[in-house]
Amino acid sequence: MSSTRVAVIGAAGRMGGAVCGAVEAADGLELVGRFDAGDDLGDLGGADVVVEFSVPDASPGNVAHCVERGVHVVVGTTGWDEARLADLRDRLAGHPEVGVLVAPNFAVGAVLMMELARRAAPFFESAEVVELHHPDKVDAPSGTAARTADLVGAARAEAGCDPVPDATTHDPEGARGAVVHGIPVHSVRLRGLVAHQEVLLGNPGETLTIRHDSLDRASFMTGVVGAVRRVADHPGLTVGLEHYLGLGDA
Ligand SMILES: NC(=O)C1=CN([C@@H]2O[C@H](COP(=O)(O)OP(=O)(O)OC[C@H]3O[C@@H](n4cnc5c(N)ncnc54)[C@H](OP(=O)(O)O)[C@@H]3O)[C@@H](O)[C@H]2O)C=CC1
Ligand SMILES: O=C(O)C1=N[C@H](C(=O)O)C[C@H](O)C1
């Protein structure tokens with residue numbers, strides 16, 4: 001059987017570099033292109049699948065370039081809000097054979113953290129998310145935190161939960177954090193960290209903390225390589241690696 005040809009966009013970055021190494025080490029995958037800022041994407045090196053880890057404002061254009069050429073894409077870059085996803089869905093409608101996976105986190109533990117949080121959240125009065133990352137990260141809150149808050153907020157709304165209790169009336173410095181889908185989200189940037197998150201849930205007399213730690217970017221590679229192998233079998237847009245792992249709407 002012939003190899004799957006893979007190109008990486010954002011290849012000079014922290015994630016892109018790690019992905020290039022993981023692709024080169026994987027059976028049945030061949031690295032045919034490395035692209036970064038300022039490069040002409042051209043024919044994408046003849047790739048069957050592109051892995052895209054760049055910056056939020058460049059990612060939609062890069063992905064569009066791939067889709068227009070009939071190339072499947074595994075996207076890890078953050079910043080894919082509803083408007084950007086809607087544009088991508090429209091574009092994919094003209095290329096029904098192309099698969100695109102947009103996943104805010106490729107670490108299996110992080111996927112499970114989000115799923116557990118989604119299921120647990122309706123059982124608690126309070127819910128907050130704390131994400132902690134290396135200080136070279138350019139976006140806040142993290143894509144994982146935003147997605148977690150979306151999932152938790154939607155699950156609570158569907159279950160008819162009240163808004164999370166919060167008596168704060170005076171917060172001139174924004175100490176209560178961002179609010180995503182009704183859920184407060186707090187961002188820490190600290191030298192020494194990689195990628196970490198806690199989902200805090202509270203009821204009278206008890207709390208539940210669901211915590212995930214990526215201690216090394218190796219944590220993302222199994223998910224990325226697995227997605228490269230599967231993306232062609234999932235035409236259209238898929239948001240979240242959970243849908244490739246048999247998790248999700250149970
Ligand atoms: N889904 C997941 O599991 C994970 C997602 N991420 C996300 O991946 C993204 C990248 O993270 P990380 O690797 O740490 O960031 P880096 O800053 O290390 O890498 C980004 C790379 O993209 C390059 N770049 C900038 N503009 C373009 C462009 N127009 N086309 C192609 N490449 C471009 C940058 O070049 P230059 O420096 O010259 O601007 C840089 O080399 C972030 O959004 C991050 O949140 C990170 C980890 C895991
Ligand atoms: O920038 C990072 O490092 C990470 N970005 C993703 C995010 O924003 O959620 C995934 C992970 O947290 C690492």
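## Strand E3 inside the sheet

Val49 and Val51 point one way from strand E3, Val50 and Glu52 point the other way, and all are buried. A residue is buried if 20 or more other C-beta atoms lie within 10 Å of its own, exposed if 12 or fewer, and partly exposed in between, with C-beta atoms placed from the backbone. In a regular strand the side chains alternate between the two faces of the sheet. Strands (E, at least two residues) and helices (H or I, at least four) are DSSP runs, numbered from the N terminus.

This is a predicted model: local features need pLDDT of at least 70, side-chain atom pairs count only at pLDDT 80 or more, and totals for chains, interfaces and linings use all residues. Residues are numbered from 1 along each chain as its sequence is written, while chains are lettered from A and ligands numbered from 1 in the order in which they are written.

## The sheet

E3 belongs to an open sheet of 6 strands with parallel pairing, in the order E2-E1-E3-E4-E5-E11. Strands E2 (29-35) and E11 (236-239) stand at the edges with a single partner strand each, so one side of each has no neighbour in the sheet. From one strand to the next, the twist averages 20 degrees.

Two strands pair if DSSP finds at least two bridges between them. E1 (residues 4-9) runs parallel to E2, joined by 6 bridges. Val6 stands opposite Leu31 in E2. E1 also pairs with E3 in the parallel sense, over 4 bridges. Here Val8 stands opposite Val51. E3 and E4 pair in the parallel sense, again over 4 bridges. The bridge partner of Val51 in E4 is Val74.

Which strands does helix H2 (residues 59-68) touch? H2 packs on the sheet against E1, E3 (49-52), E4 (72-75) and E5 (99-102). Its direction makes about 160 degrees with that of E4. Helix H3 (residues 82-93) also packs on the sheet, touching E5 and E11, and its direction makes about 150 degrees with that of E11. Contact means that the C-beta atoms of two residues, placed from the backbone, lie within 7 Å. Axes are lines fitted to C-alpha atoms, for helices over the stretch in contact, and angles run from 0 to 180 degrees between N-to-C directions.

## Two ligand shells

Ligand 1 is surrounded by 26 residues; the closest are Gly10, Gly13, Met15, Ala58 and Gly76. Helix H1 (residues 14-25) gives the most to this shell, with 3 residues. A residue is near a molecule or strand if its C-beta atom, placed from the backbone, lies within 6 Å of it. By class, the shell has 13 nonpolar, 10 polar and 3 charged residues.

Around ligand 2 are Thr78, Pro104, Asn105, His133, Lys137, Ser142, Gly143, Thr144 and Ala195. They divide into 2 nonpolar, 6 polar and 1 charged. Ala, Val, Leu, Ile, Met, Phe, Trp, Tyr, Cys and Pro count as nonpolar, Asp, Glu, Lys and Arg as charged, and the others, Gly among them, as polar.

## Helix H5

H5 (residues 143-158) has 16 residues and should span 22 Å at 1.5 Å a residue; its end C-alpha atoms are 22 Å apart, which agrees. The expected span is 1.5 Å times one less than the number of residues. Buried residues in H5 include Thr144, Arg147, Leu151 and Arg156. Their cover includes helix H4 (108-120) and strands E6 (126-133) and E9 (195-203). Gly160 follows H5, with a positive phi near 75 degrees.
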